[in-house]
Amino acid sequence: MITQERLKEVLNYDPETGYFTWTVDPNFKTSFVGKMAGWVDHYNEGQNSYVKIMIDCHAYKAHRLAWLYMYGRMPSGHIDHLNHTGTDNRILNLRDVSQADNNRNASMRKDNKSGVVGVGREGSDWRAYIRHEGKQYALKRTKDFFEAVCARKSAEIKYGFHENHGRTVP
C-alpha cells in the first residue's frame, strides 16, 4: 500500500483541478516530469469512468490518491464524486462515505424510462418506490405522474438522499 510520503515523492496533486503530475520519471525511457499522470479507465459500458495511475507496479484510482495526498490516509469507505463525474478529482468534489451513502447519490441509470429514479409504469399507473437499508418500499401508485414523482422526492428527503441523486451523468 502506498503512503502519503511515497505519493508526494512521485506525484504532485492540484486540488483545484484534480490533476496529478509526475515529479519523477516513472519509467526510465522517456521524460514524464511535469506531465499529467494516469489514464481514464472505462468500464460498465462507459457509464463509470475513473482515472487510474500506476505507481510502483500497482494501479490506484486517482480519487483515492487525492484523498491520501490531502488527508494523509486512504479513505475509510467509498469515494463519492458529488457531481457524478468519475474523472473530476477536485478535492471539493470528493467525499469519503459508506456504501449506503454512496448509493444515496447515484446517477440515473441509462435504462430509466420515466426520467425520475424510483418512478415507473405499472400497467396504466405510475408507481413510486424507494430502496432504503436493503428494503424496497412502495410509496405510491397513481394515475398522475407528478404525484408519483412528489412521493419519491419526499422519500428521498426523509431518508437523507443527496440532492444530486438521480441526476444524469454529464
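Helices (H or I, at least four residues) and strands (E, at least two) are DSSP runs, numbered from the N terminus. With that in hand, here is a short tour of a predicted model, in which local features need pLDDT of at least 70, side-chain atom pairs count only at pLDDT 80 or more, and totals for chains, interfaces and linings use all residues. Residues are numbered from 1 along each chain as its sequence is written, and side-chain values use heavy atoms, with hydrogens and water left out.

**Helix α4**

- Helix α4 covers residues 145-158, and its 14 residues should span 20 Å at 1.5 Å a residue, which agrees with the 20 Å between its end C-alpha atoms; the expected span is 1.5 Å times one less than the number of residues.
- Ala-148, Val-149, Ala-151, Arg-152, Ala-155 and Glu-156 are the buried residues to look for in α4, where buried means under 20% relative accessible area, exposed over 50%, and partly exposed in between (1.4 Å probe, protein chains only).
- These residues lie on the same side of α4 because they cover an arc of only 160 degrees around the axis, taken from the directions from the helix axis to the C-beta atoms.
- Turn to the other side of α4 and you will find Phe-146, Ile-157 and Lys-158 exposed.
- The partners of the buried residues of α4 are β8 (119-122), β9 (125-132) and β10 (135-142), against which they pack; contact here means heavy atoms within 4.5 Å.

**The segment after α4**

- Gly-160 follows α4 and has a positive phi, near 75 degrees.
- Phe-161 lies in the segment after α4 and is buried, with a relative accessible area of 14%.
- Phe-161 and Ala-106 are 55 residues apart along the chain, yet their C-alpha atoms are separated by 9.3 Å.
- His-162 also sits in the segment after α4, and its side chain reaches the backbone nitrogen of Asn-164 at 3.0 Å.
- Beyond its neighbours within four places in sequence, His-162 is in contact with Leu-82, Arg-95, Arg-104 and Asn-105.

**Arg-104**

- Arg-104 is in the loop between α3 (99-103) and β8, and at 15% relative accessibility it counts as buried.
- Its side chain makes a polar contact with the side chain of Asp-101 at 2.3 Å. A polar contact is a pair of N or O atoms within 3.5 Å; within protein, one must be able to donate a hydrogen and the other to accept it, and residues adjacent in sequence count only if both atoms are side-chain atoms.
- Leaving out residues up to four places away in sequence, Arg-104 touches His-132, Tyr-159, Gly-160, Phe-161, His-162 and His-165.

**Nonpolar cores**

- The largest nonpolar core has 22 residues, and Ile-2, Leu-7, Leu-11, Phe-20, Ile-53, Ile-55 and Leu-65 have the most contacts inside it. Such a core is a set of buried Ala, Val, Leu, Ile, Met, Phe, Trp, Tyr and Cys residues joined through side-chain atoms within 4.5 Å.
- Two or more residues of this core come from each of α1 (4-10), β1 (11-14), β2 (19-22), β4 (48-55) and α2 (62-71), with α2 giving the largest share, six residues.
- A second, separate core of seven residues includes Val-119, Ala-128, Ala-148 and Ala-151.

**Cysteines**

- A search of the whole structure finds zero disulfides, a disulfide being a pair of cysteine sulfur atoms within 2.5 Å.
- Cys-57 is exposed, with a relative accessible area of 78%, while Cys-150 counts as partly exposed at 33% relative accessibility.
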